[in-house]
Amino acid sequence: MSKESFMTMSSAASRVRRSEKEAAAGFTASPSLAEALQQILVDLIELHLQSKQAHWNLVGSNFRELHLALDQIVDVARDASDTVAERMRAVGAVPDGRSETVAAHATLPAFPEGEQDTTTVVDLVTGRLRATTHTARALHDTVDREDPATADLLHMIIGILEKHAWMVSAENRIV
């Protein structure tokens, strides 16, 4: 950006003085932005819980490697849910991560109970990673229209989840 362009933008921006109240208010999420982020939040929490369930009940060949990979996915989902919840607070929305809210609103398929063999877990977890990514992609445009900064967080989360889906799914791939 040239110095002249910056000076033009700076002087245009400085021509409008904000009141103390306007300056203190900051950006506030609309109800549609808050709802979109809430849906992404509950799916991330559900991904975290289902991945931990898989981690605890995994049996079969290549157990150790998949067991460790599932812990990484648990950490990624937990960190991403925390990022989304904290962003919600930063834009004036109230996150709801209570178990009854997650159970009522998560879009991921239910995870089967009991022990699961490694091949099945690879497919189940890959599906959950892709479902969570689908939620974030489906709501991305709603988020981006109102708050590009939050959309940037979704880009990061989508990239990480898709990387883990690729890595886990490769376990069952035969060439």
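Modeller: In helix 7, the buried residues are T150, A151, L154, I157, I158, L161, H164, A165 and V168. Looking down the axis of helix 7, these buried residues fall within an arc of 145°, so they line one face of the helix. The model is a predicted one, and the positions discussed here are read from it.

Helix 7 runs over residues 148-169. Its 22 residues should span 32 Å at 1.5 Å a residue, and the C-alpha atoms at its ends are 31 Å apart, which agrees.

What does the buried side of helix 7 pack against? Its buried residues are in contact with helix 3 (31-56), helix 4 (63-90) and helix 6 (118-146).

Of these partners, helix 4 deserves a description too. Helix 4 has 28 residues and reaches 40 Å from its first C-alpha to its last, close to the 40 Å expected at 1.5 Å a residue. Its buried residues are L66, L70, I73, V74, A77, A80, S81, V84, A85 and M88. They pack against helix 7, and also against helix 3, helix 6 and strand 1 (58-59). After helix 4 comes G92, which has a positive phi, near 85°.

Now to the empty space. Rolling a probe the size of a water molecule over the atoms shows where such space is left. A search of the whole structure finds one cavity of 30 Å³ or more, and the largest cavity holds about 30 Å³ of space. Its lining is made by L37, V84, R87, T150, L153 and L154. Helix 4 and helix 7 are the elements that give two or more residues to this lining, and helix 7 gives the largest share, three residues. By class, the lining of the cavity has four nonpolar residues, one polar and one charged.

The largest pocket contains about 190 Å³ of space. The residues that line it are N62, E65, L66, A69, Q72, I73, K163, H164, M167, V168 and E171. Helix 4 and helix 7 each supply at least two residues of the pocket lining; here the largest share, five residues, comes from helix 4. The lining of the pocket divides into five nonpolar, three polar and three charged residues.

Definitions and conventions: Residues are numbered from 1 along each chain as its sequence is written. This is a predicted model: local features need pLDDT of at least 70, side-chain atom pairs count only at pLDDT 80 or more; totals for chains, interfaces and linings use all residues. Side-chain values use heavy atoms; hydrogens and water are left out. Helices (H or I, at least four residues) and strands (E, at least two) are DSSP runs, numbered from the N terminus. The expected span of a helix is 1.5 Å times one less than its number of residues. Buried means under 20% relative accessible area, exposed over 50%, partly exposed in between (1.4 Å probe, protein chains only). The arc is that of the directions from the helix axis to the C-beta atoms. Contact means heavy atoms within 4.5 Å. On a 1 Å grid over the protein atoms alone, a cavity is a set of points where a 1.4 Å probe fits but cannot get out, and a pocket is an open set with protein on both sides within 12 Å along at least five of seven lines; lining residues have an atom within 4 Å of a point. Grid points are joined across faces, edges and corners, and a volume is the space filled by probe spheres set on the points. Ala, Val, Leu, Ile, Met, Phe, Trp, Tyr, Cys and Pro count as nonpolar, Asp, Glu, Lys and Arg as charged, and the others, Gly among them, as polar.
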